[in-house]
Amino acid sequence: MKKILYLAGAGLMALASCQQQSGYTIKGTIDGAKDGETVYLQDFAGYELIKKDSTIVKNGAFEFKGTPDSVTTMRYVTYAQDENQPLMMAMVFIENGNITLKMNQEANVVSGTKCNDAYQSFMTQYLDINMSMRELYNKMKSDATLTADKRVEMEAELNRKDSLGTAMVFNTIEQNISNLVGVHLLTSFAPALAPEKVMPLLDQIPAAYASLPEVKGMKEEMAAVASTMVGKTFVDIVQNTPDGKELKLSDIVSANKYTLVDFWASWCGPCRREMPSVVEAYKAYKAKGLEVVGVSLDTDMAAWKKAITDLNITWPQMSDLKGWQNAGAALYGVRSIPATVLINQEGKIVARNLRGEELLTKLEELMK
């Protein structure tokens, strides 16, 4: 589906400076919580929740009080009736002031301080856009009575909503880049934004946040993207084929008019849906000088090999079987897949992230 539709609105960062009065108070309610039950205030570190504080539900409500660190942190209020019940979790910006939190299984609402108000405003808009897009997308997929013209019209509307959503995300980041909200959203949504829009925002992140793992990682990825943008010389990738033989991207580039590097994985739904377009392009232009090289972000050799057969992939494949830590993907700053890089025989990158009709149109233009 579209760029913003499946991106998570939550993250794992701790930073920022949205403070005014001394001390914070979180007053909250949780649908279904009973008096005497425990609510936790937790941190997220290394993909694990770490308990920082706890309180008891009294008269249907709970309360946390404390003093923020010198650099404001992001915490998670969590609750579960028992181990068989799903965990309810709400993200809260811990900053000076009175914070109100309402939690339920459908959505959480947090308000009362600068960062929390800004983030809640963003999430309200984000969820509204996503719901609207999902409804439209599901109707397109399930309604067999739709005419071809109506489907084209609905696809155009879906693209319009996607563009509006992406613009809203970017505007919120830009307006808040000096505080926790903007930096958190930038690290969460950068894959949906054009690199040339992300890079200037990175330069605006305050120095106090530069050492955060999420920010450092994103800067490294954007540096890789900058070095492999259109017009740059390609960076070689050397990995093994499914039968264990070493394959060099440079050998294929030098032997063909154009080489399409396709970053994908067997477990990636969008990659599998996009693969018929790559198959079509390969059949149409292989004889005219096109080669494709698949760089798989798989970790399971058997699953990788099965997908190659199931998806009718007949072009060269390589992988180091390290998933998202694939060294080739890192060289090109790939944070989401499918992703493509088109390289000419002289080694210059002529396009990135071509898909579907865009890929076929570009190849038709180049192969005249």
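Select helix H5, residues 213–227: its 15 residues reach 21 Å from the first C-alpha to the last, close to the 21 Å expected at 1.5 Å a residue. That expected span is 1.5 Å times one less than the number of residues. Helices (H or I, at least four residues) and strands (E, at least two) are DSSP runs numbered from the N terminus. This is a predicted model, in which local features need pLDDT of at least 70 and side-chain atom pairs count only at pLDDT 80 or more, while totals for chains, interfaces and linings use all residues. Residues are numbered from 1 along each chain as its sequence is written, and side-chain values use heavy atoms, with hydrogens and water left out.

Stay on H5 and show Val215, Met218, Met222, Ala224 and Val225, its buried residues. Buried means under 20% relative accessible area, exposed over 50%, and partly exposed in between (1.4 Å probe, protein chains only). An α-helix has 3.6 residues a turn, so residues three or four places apart point the same way. The cover over the buried residues of H5 includes helix H3 (180–189), helix H4 (195–204), helix H9 (327–331) and strand S15.

Next, color the largest nonpolar core, which has 47 residues. Such a core is a set of buried Ala, Val, Leu, Ile, Met, Phe, Trp, Tyr and Cys residues joined through side-chain atoms within 4.5 Å. Leu249, Phe263, Trp264, Leu290, Tyr332 and Ile343 touch the most other members. Helix H7 gives the most to this core, with 7 residues. Center on Phe263: among the residues it touches are Ile237, Val295, Tyr332 and Val341, leaving aside those up to four places away in sequence. Contact here means heavy atoms within 4.5 Å. Apart from this core lies another, of 40 residues, including Met91, Met154, Met168 and Val169.

Now move to the open sheet, where 4 strands run in the order S4-S1-S7-S8 with mixed pairing. Two strands pair if DSSP finds at least two bridges between them. Strand S4 (61–66) and strand S8 (108–111) stand at the edges with a single partner each, so one side of each has no neighbour in the sheet. Inside the sheet, S1 (residues 24–30) and S7 (residues 97–103) pair in the parallel sense over 7 bridges. Pick Tyr24 to find Gly97 of S7 opposite.

Finally, zoom out. The protein chain has 10 helices and 15 strands, and 47% of its 368 residues count as buried. Its C-alpha trace spans about 75 × 55 × 40 Å along the principal axes.
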